[in-house]
Amino acid sequence: MEILLGAAYGWGLLQIAYRLAYHYRQAHAEWWEETCPEPPEAPVWVQAVSLAGGAVAGAWSGSAEEAFLVLLWLGALLTAAVADACWFVLPRRYSLIIALLGAVRAGSLGIWWEVLPAAVVMGLLAWGLYGLARGGMGAGDIWFVAALAMWTGLDGALSACWLATLAALAYWLICRRRGRFVRAIPFGPFLAAGFYCMYWYG
């Protein structure tokens, strides 16, 4: 039952995340008319029921405070991933939201000593990779990785990045095998999936 409620919540949240990502791209790009199609939108009552189901699932599985923080975190995580998947942009505002939510969670759990060094180390590593990539990696990935490390710690962040890299490589190989030429791969969705897995199962 909990899994079904969580799935319903995720579906409803994805609808809202797509809408938020769409409006972000609409406001920050002059060429959005040609590359930013209007997203599909479910009826409001369907979104409300989905979000309510997710809230119930979160409260069922832990404290109300933790459930609320995770709900907001997933919203920012999905919105950033959708924006990168559709329009190759990782909005820094959502990375900031993720970092702030992680800081609040760390303060409530008393694990500042674990997550702050992780965020700094992962940010520096991502910055180094950004310099080596020479255009193959966006600056938004640096902030995204550092912010997400606030939720998993250093070990979880390294594992999440490893999973994301393997998933992105598999995606590129599948596209190549099917004869599709992929000039660039949005890394944000793979990072989001990797950190999500490490948060819940790491």
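1. Helices (H or I, at least four residues) are DSSP runs, numbered from the N terminus. This is a predicted model, in which local features need pLDDT of at least 70 and side-chain atom pairs count only at pLDDT 80 or more, while totals for chains, interfaces and linings use all residues. Residues are numbered from 1 along each chain as its sequence is written, and side-chain values use heavy atoms, with hydrogens and water left out.

2. Let's begin with two helices. Helix α7 (residues 139–177) packs against helix α8 (residues 188–201) at an angle of about 120°, and their axes are 6 Å apart. That angle makes α7 oblique to α8; angles under 35 degrees count as roughly parallel, over 145 as roughly antiparallel, 65 to 115 as roughly perpendicular and the rest as oblique. In the contact of α7 with α8 there are 19 nonpolar residues, five polar and one charged. Here Ala, Val, Leu, Ile, Met, Phe, Trp, Tyr, Cys and Pro count as nonpolar, Asp, Glu, Lys and Arg as charged, and the others, Gly among them, as polar.

3. Now compare another partner of α7. Helix α5 (residues 92–109) and α7 pack at about 15°, with axes 8 Å apart, and α5 and α7 are therefore roughly parallel to each other. The contact (heavy atoms within 4.5 Å) includes R92, I98 and L101 of α5 and W143, F144 and W151 of α7. The residues of the contact of α5 with α7 divide into 11 nonpolar, three polar and two charged.

4. Next, the aromatic rings. Rings of Phe, Tyr and Trp (its six-membered ring) pair if their centres lie within 6.5 Å; planes under 30 degrees apart count as stacked, over 60 as edge-to-face and the rest as tilted. By this rule there are six aromatic pairs. In one of them, W73 and Y199 have ring centres 5.0 Å apart and planes at 55°, so the pair is tilted. The pair joins distant parts of the chain, with W73 in helix α4 (residues 64–87) and Y199 in helix α8, 126 residues apart. W73, W151, Y196, Y199 and W200 form one aromatic cluster.

5. Where does D84 sit? D84 is in helix α4, and D84 is buried, with a relative accessible area of 6%. Buried means under 20% relative accessible area, exposed over 50% and partly exposed in between (1.4 Å probe, protein chains only). Leaving aside neighbours within four places in sequence, the contacts of D84 include V89, L90 and F187.

Methods:
Axes fitted to C-alpha atoms, helices over the stretch in contact; angles between N-to-C directions.
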